[in-house]
Structure formats: structure tokens, C-alpha cells
Amino acid sequence: MNYFSEAKTLLKENIREYGMYIALAVIMLVFAIQTDGLFLSSRNISNLLDSAGYIAVLAVGMTLVIVIRHIDLSVGFLAGFLGAVAAIFLTQMGVSVFITIPVILVFGALIGLVNGVLIAKVGIPAFVATLAGMLIFRGALLQVTERTGTIIVNDDGFNAIGNGFIPSLMEMNGLHLLTLLVGVVGILFYIYSEFSTRRDKMKYGFEVMSIGLFITKIVLISAIIAYITWLLAGYNGFSWTVIIMLGVVVIYHFLTTKTVLGRHIYAVGSNPEAAHLSGINVNKITYFVFGSMGMLAALSGILFTSRLQSATTTAGTLFELDAIAAAYVGGVSSAGGVGKVTGAIIGAIVMASLSSGMNLLGVGISYQYIIRGGVLAAAVIFDVMTRRKRG
């Protein structure tokens, strides 16, 4: 098989995975042309990634929830409520930011674990259990903010999480040096990961793409990482929000692709009954996934509260729907067992890019909702048609 035939076959067989990257590239190209390059300016890309951060973190957890054939509607107001609790700790109780953040993350994990128990042990459908959670945390958020309406956070360390940038070692022709170094490390890590995965596949006799196509893929993705790094280095560099988002992706990508736990999660999603018969504790997997979802909801609440430098009565509104949309656009399957955390991040960036581009073009908010809804519907239709074709 020649180079182009192999590339065409590979794209066709992995259209679910590569389709979202193609869609993102097309969206960015269209908006760049329509805005005379303003969309791809350093400032706009930085703002776009920051605005996607708290939804991207939620989307990673939501991807795993959907992979095991469940849903979590409570995460939006859970994020808003825990963000408000963090604000109360910092402003009214005088708790250090270094204590507040771990405590809030533990709270989130415990609440998620309760959801997991209700679903796996008690047998309540995930939709109902988490819908109840949504209402409870909506009420709890109103309760803790009813006295002032808005809780202003003046802690510089906490607010830097959502608004600050990594320090610059020095400037090189107006570029942020530490950001450039982080980008280089990221590219080297990506190259090492790809070669390691290829070596493992060859070791166990799995089919791999030709070396020519493999090198092309590495060069193309490395160039994209380098370009985004260069854009951000020309502004203020990587924000702490982006660093946290990338950290979550790296941890969960490793967890889902390199560990036994990750394989068990996908086994449960593919066929829960077969997974149970093979010795996998389906209940424990459900506990872990929902506990993880709760922790990521807490992290999302911290990022959002930090970005606004305040907690409000409306925090968390529609977060869960944005996270679900990002997960589906990122390639997770409604049938379960399929989906990558890297795809969830791309899905979140796709949705953020749509919002950013339409705002720059002055598109009305009503049309923005319609267009974003259409993109989500198209993603799910594409998933269904792909599964039918393969079936």
C-alpha cells in the first residue's frame, strides 16, 4: 500500500478520532479568514483557552462517565457550589489557599462517590440520581450566597489560578522564554509517548502505520504544538489555567491508556455483563468514575471562581450541558466503551472556538445557541451513523 492510499485508509478507519481535529482546523481557518486574522491573535487564543479551561476539566470526567454508559447532570451546580464554599473558606473563615484547594477537591470526590453508590449499589438510574443532585446543589449554592449575592475573593494567590500566567525567566525577542521551554518539553514528551506506544504495539504483534506516515503525523502535531506555544509566548505565555488543564489531560490519558484501571473502565463501558463475568468489579469502577467526576467538578468550580474572582448565585449554570457537548463533540460514543480524554479537550476547544469566533463576528446570542446545538446534534448523528456502518 502506497503512502496516500494508507493515509486515506487510516483516515477512513479512524474518522471518529481524526474528524474532530479536522473540524477544529476548519473552524479556526474560517474564523481567521472572516476576522482578518484577529481570531488567531495571541491575545484571543490565550483568552479562548482560558475560557475553555473549566469546561475542559469537566469534559474529561464526563467522558469517563459516558464511557461507562452513565450521565452526570449534577456537576454544573456542584462546581458552582464548591466554588462558593472555597470563596467562603478564603474570605469569611480565613483559611489558607493551600488548605482550601485540597479540602474542596476532597469534598468533590466524596460527593461524587455518593452519586456512585446511589447508582451502583442502590440502583437508582444515573439520570435521576444526578438530576436530584443538580437540584440539591442549586439550592445549596443559593443558600450560601443568599446573604450577599456575590462573594468577592481578594486572595491574590487564589485569583492567580484563573487569571495569572507562569513566570517568565526572561524575554527573547518579546517571547516568553519559560513558555517556549514548556512547549519544547511538551513536544519531546509527545514524541516519546508516540514512539513508546508504537514500540509496544509492534512488540505484541499489533498492526502499526508505516514509518513514513508515522513520521508525518509526529511532525504535523509537533508543528501545531509549536505554533500554539509561539502564539502564547508572544502574549503572556501559558496561563495557570492552561497548565492545570494540560496536567489533567496528561494524568487521565496515562490512567486510561497505560493502567489496568483504565482498561477496566473501557471494558465496563463496552459490556458491563461480560466485564462482571470476567472478574471486574463493576461497582468499584462506577464508584471511581463518579468520585473522579466529583473531584474534577470541584476543580472546575475553583477555576471558575478564581477566573471571576468571586462566587455568584448563577455559577455553574449549564456547565454540565457544555461538558456533555464537549465530550460528544470530542468523539465519545453514546453506546459506551469509546472515547478519549484528549478528545474531550479538543471538544471543549471546538465549542469555545465557536463562541469566540461568533463573538468576534458579532453573531447574536440566540443564533450562537442554535449553531452550538446544531454542532452537538451533528456530532451525535455522526457517531450513530459510524456505528451503524461498522455494525
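Predicted model: local features only at pLDDT ≥ 70, side-chain atom pairs only at ≥ 80, totals over all residues.
Where is the place of glutamate 320? I looked it up: glutamate 320 is in helix H14, residues 319-329. Helices here are DSSP runs of H or I with at least four residues, strands are E runs of at least two, and both are numbered from the N terminus.

Residues are numbered from 1 along each chain as its sequence is written, and side-chain values use heavy atoms, with hydrogens and water left out.

**Entry: glutamate 320**

I checked its surroundings next. Glutamate 320 is buried (under 20% relative accessible area; exposed is over 50%, partly exposed is in between, with a 1.4 Å probe and protein chains only). Glutamate 320 has no salt bridge (a side-chain nitrogen of Lys or Arg within 4 Å of a carboxyl oxygen of Asp or Glu). The nearest side chain of opposite charge is arginine 138, 9.7 Å away; Lys and Arg count as positive, Asp and Glu as negative, and His and the chain ends are not counted. I then listed contacts (heavy atoms within 4.5 Å). Leaving aside neighbours within four places in sequence, glutamate 320 is in contact with residues including Met62, Asp72 and Phe77.

**Entry: the core**

Met62 made me curious. Which residues touch the most other members of the largest nonpolar core? They are Met62, Ile104, Tyr252 and Leu296, out of 101 residues in that core. H3 gives the most to this core, with 16 residues. A second, separate core has six residues, among them Tyr190 and Met209. A nonpolar core is a set of buried Ala, Val, Leu, Ile, Met, Phe, Trp, Tyr and Cys residues joined through side-chain atoms within 4.5 Å.

Back to methionine 62: not counting residues up to four places away in sequence, methionine 62 touches Glu320, Ala323 and Ile324, among others.

I found arginine 69 with a positive phi of about 70 degrees, although it is not a glycine. Arginine 69 is in the loop between helix H3 (42-67) and helix H4 (75-91). Arginine 69 counts as partly exposed because its relative accessible area is 41%.

Leucine 318 also has a positive phi of about 70 degrees and is not a glycine. I placed leucine 318 in the loop between strand S4 (310-312) and H14. Its relative accessible area is 36%, so leucine 318 is partly exposed.
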